[in-house]
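Open the model in your viewer and keep the sequence panel beside it. This tour goes stop by stop.

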Amino acid sequence: MGEVGKAMGLLISGTLVYYHCAYRNATLLSLFSDVLIVLLCSLAILGLLFRQLDVSVPVDPLEWQISQDTASSIVARLANTVGAAEGVLRVAATGHDKRLFVKVVICLYFLSALGRLISGVTVAYAGLCMFCLSMLCQNSQSLGNCVLKQTNGVILEQEAHSDT
């Protein structure tokens with residue numbers, strides 16, 4: 001799936017989560033349980049349908065596994081991210097780096113003021129929309145550069161043929 005597909009998938013998923021949490025005033029736990037119920041019912045119906053139609057399923061989902069390397073990589077990235085954030089906050093809290101301390105205080109103050117004005121779900125959804133827009137813009141710029149290079153190549157070839 002290309003970058004556009006990823007961005008659109010994220011945007012659609014984020015919109016559904018935002019609707020569920022903001023407009024229905026439901027929690028993320030409620031959303032998670034609703035998704036699991038829908039998946040469970042869908043799989044049960046598909047299983048019954050496949051049995052009735054004598055369709056064999058090529059891959060057994062119970063045999064799906066991730067490798068040990070993948071699991072270790074995921075945990076290592078999470079630990080590195082948490083460790084880096086903890087390190088920045090520790091340095092800022094000790095006061096050794098005054099500029100970092102001021103930056104952290106300003107960011108936390110800004111986030112608390114924003115939290116008083118707008119709900120956290122709305123801020124998260126706005127961040128997701130900005131992230132998806134940046135993905136789409138990067139993709140459109142690379143597509144535009146590719147088209148521009150192809151167009152310039154055709155023009156340069158035409159000029160080379162007209163010179164001879």
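Helices here are DSSP runs of H or I with at least four residues, numbered from the N terminus. The model is a predicted one.

**Whole chain**

Start with the cartoon view. The protein chain has five helices and zero strands. Read along the sequence, the pattern is α-α-α-α-α. Now colour by pLDDT. The average for the protein chain is 77, and 80% of the residues score at least 70. Among the elements, helix 3 has the highest mean pLDDT, 89. Helix 5 has the lowest, 67. Switch to colouring by accessibility. Of the 164 residues, 9% count as buried.

**Helix 3: Ala93**

Select residues 68-94, which make up helix 3. Ala93 is found in this helix. Is Ala93 buried or exposed? Its relative accessibility is 64%, so Ala93 counts as exposed; the cut-off for exposed is over 50%. Ala93 and Val105 are twelve residues apart in sequence.

**Helix 3: the salt bridge**

Stay in helix 3 and show the side chains of Glu86 and Arg90. How many salt bridges does a search of the whole structure find? The search finds one. Glu86 and Arg90 meet in a salt bridge, with 2.7 Å from N to O. Why might such side chains pair? Side chains of opposite charge can do so when their charged atoms come close. Glu86 and Arg90 are four residues apart, about one turn of the helix.

Select Tyr18 and Tyr125 and show their rings. The count of aromatic pairs comes to one. Tyr18 and Tyr125 form a stacked pair, 4.5 Å centre to centre, with 15 degrees between the planes. Which parts of the chain does this pair tie together? Tyr18 lies in helix 1 (residues 3-23) and Tyr125 in helix 5 (residues 120-163), so the pair ties together parts that are 107 residues apart in sequence. Tyr18 has a relative accessible area of 15% and is therefore buried.

Take residues 28-50 on their own. This span is 100% helix and 0% strand, and its end C-alpha atoms lie 33 Å apart. Move on to residues 100-128. Here the chain is 93% helix and 0% strand. The end C-alpha atoms of residues 100-128 are 26 Å apart.

**Last stop: a nonpolar patch**

Select Leu43, Leu46, Leu49, Phe50, Leu53 and Val55 and show them as surface. These residues form a nonpolar patch with about 530 Å² of accessible area together. Zoom in on Leu43, which sits in helix 2 (residues 28-52). Leu43 counts as exposed because its relative accessibility is 58%.

Note on methods:
Residues are numbered from 1 along each chain as its sequence is written. Side-chain values use heavy atoms; hydrogens and water are left out. Helices (H or I, at least four residues) and strands (E, at least two) are DSSP runs, numbered from the N terminus. Buried means under 20% relative accessible area, exposed over 50%, partly exposed in between (1.4 Å probe, protein chains only). Rings of Phe, Tyr and Trp (its six-membered ring) pair if their centres lie within 6.5 Å; planes under 30 degrees apart count as stacked, over 60 as edge-to-face and the rest as tilted. A salt bridge is a side-chain nitrogen of Lys or Arg within 4 Å of a carboxyl oxygen of Asp or Glu. Patches are made of residues with over 30% relative accessible area and no salt bridge: like charges are joined within 9 Å, nonpolar side chains (Val, Leu, Ile, Met, Phe, Trp, Tyr) within 5 Å. Accessible areas come from the Shrake-Rupley method with a 1.4 Å probe; for residues, only the protein chains shown count as cover. pLDDT is the predictor's confidence in each residue, from 0 to 100.
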